[in-house]
Amino acid sequence: MRSAEIEQMPQPMIGQVTGPTPEVGDANPFKTANAPQNHIRISRSINMSTSFLPPDSPNQPYITLSALDAGYLWLPEREFVDPCKDPEAIHKAPSLAFFLVHPNGTNLVYDLGIRKDWENYPPVFVERVRGGTRRIDVTKDVRDSVVAGGVDPDDVNVVVVSHIHYDHTGNPNQFPNAKYHVGPGSLELIEESVKTEDPQENWFRDELIPDNKARIHQLPPYSSSEWKPLGPFSKAFDYFSDGSFYLIDSTGHLPGHINGLVRIGPNRFVYLASDSCHFTSILSGECAIAIWNDDKGNQKCVHSDVKAAEAHVRRIQELRDRGGENVEIVLAHELGWDVKHRARFLPGTFL
Ligand SMILES: [Zn+2]
């Protein structure tokens, strides 16, 4: 959808409709949303600015970026997009991970996908796999993919997990020499969840993070001056302090949810959108983020804060529209991406 159509889109009504406080259910690993009853397609609001993305520096380092297979999961369409073409459709989607190499020798794995030994997930998830309400397929996990790409897992220096949903945390102990980063608030999610919920019904448990706690480095709080505005985003963390890889505050899907902006060449960026949305039809504006009812009548959404998630999608749309061919956006569960882009999987690269 381009500019001529944008003007025909309805104005956003997000936040204008209030609904009853939804109950927190357990039918899904995703928290019940603070969701409006009526939800709309996310229209564009392009605010042209004099600054966009930071230009290349004179000796700008670039990241060599590759994709990694990290398992598959089945997504019921009706839980993600509205309108959905087929309420009965359940799609097999990849859970993509990525491999970043900085010229300084750092090997970084972004997201860990789904773990092969799923019986070691929190019990609430294991029960659902056994009961057939959750379906996954992990023939090849992220470690297998690193090895298949010719890299020794012991040589992975850094792991960044976009958020602590099970399909991104994989087996957190697989790269023992790596610093392990999560977004601000992720560890608090585990701490608070343990305190307030029945441990047997708790999705956010220690199983999701490394046993060796000395490896874990949560990124600084968003109140820190290390987070700075970048393009359409209000908070970006320059991971290598050289403009090659930024982590972006993507609050909305889950507390601590972050995205990655990778500089892969002169004025060339890839935006790792993680779970900012799950289907490209949301990014295109064809569909809205779904709010659905479970069998107990509870309102559910895959995002913990749907208004914030919708606002973040609009920022990604702005990034796409202003970046044009210089910015590519990849969703963590984009249907068919793994088939279409085989040449980009390690040892292949995006360029
Ligand atoms: Zn998620």
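Trainee: What makes up the secondary structure of the protein chain?
Mentor: Eight helices and 19 strands. Helices are DSSP runs of H or I with at least four residues, strands are runs of E with at least two, and both are numbered from the N terminus. Mind that this is a predicted model: local features need pLDDT of at least 70, side-chain atom pairs count only at pLDDT 80 or more, and totals for chains, interfaces and linings use all residues. Residues are numbered from 1 along each chain as its sequence is written.

Trainee: Why is Arg314 called partly exposed?
Mentor: Arg314 sits in helix H7 (residues 306-323). Buried takes 20 or more other C-beta atoms within 10 Å of a residue's own, exposed means 12 or fewer, and partly exposed is in between, with C-beta atoms placed from the backbone. Arg314 has 19 C-beta neighbours inside 10 Å, so partly exposed it is. By that rule, 44% of the 351 residues of the protein chain count as buried.

Trainee: How do you know that the buried residues of H5 line one face of the helix?
Mentor: In H5 (residues 186-196), the buried ones are Ser186, Leu189 and Ile190. Down the axis of H5, they fall within an arc of 95 degrees, so they line one face. That arc is taken over the directions from the helix axis to the C-beta atoms. On the face turned away from the buried side are the exposed Glu191, Lys195 and Thr196.

Trainee: What do the buried residues of H5 pack against?
Mentor: Strand E9 (179-182) and strand E10 (216-218). A contact means two C-beta atoms, placed from the backbone, within 7 Å.
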